[in-house]
Every structure is written in structure tokens, then in C-alpha cells.
Amino acid sequence: MSWSWVLLAVAVIAAVLAVFLYWGHRVAAKKRAAGQYVLEDEPVREHTATVVDKNMVQTPPGRRYTGWSTPGKLFYNVIFRADNGTETEYSVPEEMYHALWVGQRDVLTTHNGQFLDFAEYMYQYGGGADDVPEEAIQNDGEPGGQLPPPGPVDAAYILSTLSYCGLPCGLCREGPGCKSATGCGKRAGKYGCYQYTCCHLDHELDACHQCADAPCGQEEFAPGKIKQRAFVRCQQEDGPEAFAGYLVENEKRNIAYRRGPGWGDYDLDDEEAVLRLLRTGFM
């Protein structure tokens, strides 16, 4: 057998091995992303970590990332810092994203480099919005627990706690909320709060509804943030006083802004439906 045939056989074998290795890596990566791939020798890891920042990322329409991410999908990312100083970013469920606060320190649980839980949130409330226990509504994401607003809620109270982006902070927690010295904690993070910076610092406005570009499509007004976009539109078109009045009247109809961690009756799939519910009490 000539050396040319030997070299050709080696090249063919190497090519076949490369193909098998490539496809094996692709299949393993896809299973890992889908949560189906588990290494037997990798234990579940628990260590103390601190939330240092939160940010939402939306994949651009028409593009696919790593072969299986949906174009236009919103990812709710949280950056955790371990006690040794290492920072890691994980995508978390939307409900957990809204419940966690910057500066929160608790136990982070991971497996094979994948996020499992933080502060036993998924363990306690992982069954979905309908399964959130009543006590979670009173204690779901602020140091010491989020408290219900004191006394009966009226339009003046809602207006006094309205955030820059137009969310009624006072219906989630006691106190001035977004416009307090520290806000919700988001603007103290690494990337800050886009709405606070743009509205308050850059344009010296009292609220985003005063800006002709709102909802601008940035951060809290990203296309997937249906409720926030509808709320700021309502405040633009009807005024913040009318908006606060709608919330008060709807509370009397048992239409609640907040029923559990990060969700309520206004969390619908269509901006027009949210506006209709605000103004009429009907979807």
C-alpha cells in the first residue's frame, strides 16, 4: 500500500471523527440549554451570593441566537456576585426577576453551571402565579417584606408614589417607591435604570408620560412590556390623575394591580386590552 493511500485513509478517519465530535457537541449543548442534560458527577452547588444588577434583554426580531432562542424574546437577567468576588449572569423567571432587589444576599443554587434557584424562591413559589400562597403577596421582594399600602388606597396616594416609568409603586410597597432616595434599587446597579436616567437626569421631566417619545421601546418600555407601555400611554392620553382614578375604581371592582410576586390583573397580552380594562373595568 502506497503512502498516498495511507494518508487518504487517515484524512477520512479524521474527518469522520470531527463530524461526530461536532454533532455530539451540538446535541449536548442543545440538551443542556433545554435542561435535559445532566452530568452525574456534578453536584448541585449552593453558595451565598448578592444581587448586583438586573437587566432585560430582548433578542432582535428575525434573528436566532445559538440556534434555539426565539426572535423577539425577552430575557430577564440577574447578575449575582459570590462572596469570592466572582460575578455570574443568569436568566431567571419573570416573576423572580421582579421579586428580587439589588443588594439582596441569599443562597444561590446552581447545577452544571445552570441557574436553579435563589433564596429558595422557586422552591416556595415555583408552581406558577395561580399557586403563589397568600403570604407571598405580603412578603415578596423587599428587605423585610413588601407591605400593603397603609389604609384605604386613593388617587392621591397613587399619584404620590407614581414612578418615572408610570408604574404605581405604592400599590406594591409602602413608601415613595421609585422617587425615593434609593428608588427600587435598580438604579443603584451597574447599568442603572434607563427611565430614571433619561427622564429625570437627561431631560429633567417629572415622569415619562411628559415625553413625546414614550413608550420609547427602551428597557421598561420594551415591546414585550405590555402593561408598562399601556400605563404610560394612558397617562399621556388621559392624564395621571385619571389613570390613578381608574386604578382606584377598578380596585373596588376587585381588579387588582397586584395579586402576587410580579403579576396582577393588568398583566395581559395586548396593550389595547390593558387600556380597555383600565378605562372601563372590562376586557
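Begin by selecting Val12, which is partly exposed at a relative accessible area of 46% (buried means under 20%, exposed over 50%, and partly exposed in between, with a 1.4 Å probe and protein chains only). Residues are numbered from 1 along each chain as its sequence is written, and side-chain values use heavy atoms, with hydrogens and water left out.

Next, colour by confidence: the mean pLDDT of the protein is 75, and 67% of its residues reach 70 or more. Over residues 33-39 the pLDDT is below 50, and it also stays under 50 over residues 123-150. Where pLDDT is low, the predicted coordinates should not be read in detail.

Now select Arg105 and Asp83, both exposed, whose side chains meet in a salt bridge at 2.9 Å, N to O (a side-chain nitrogen of Lys or Arg within 4 Å of a carboxyl oxygen of Asp or Glu).

Finally, move to Arg233, which counts as buried because its relative accessibility is 18%. Its side chain meets Glu237 in a salt bridge at 3.8 Å, N to O, and Arg233 also forms a salt bridge with Glu272, where the closest N and O atoms are 3.0 Å apart.

Note on methods
Predicted model: local features only at pLDDT ≥ 70, side-chain atom pairs only at ≥ 80, totals over all residues. pLDDT = per-residue confidence, 0-100. Contact = heavy atoms within 4.5 Å.
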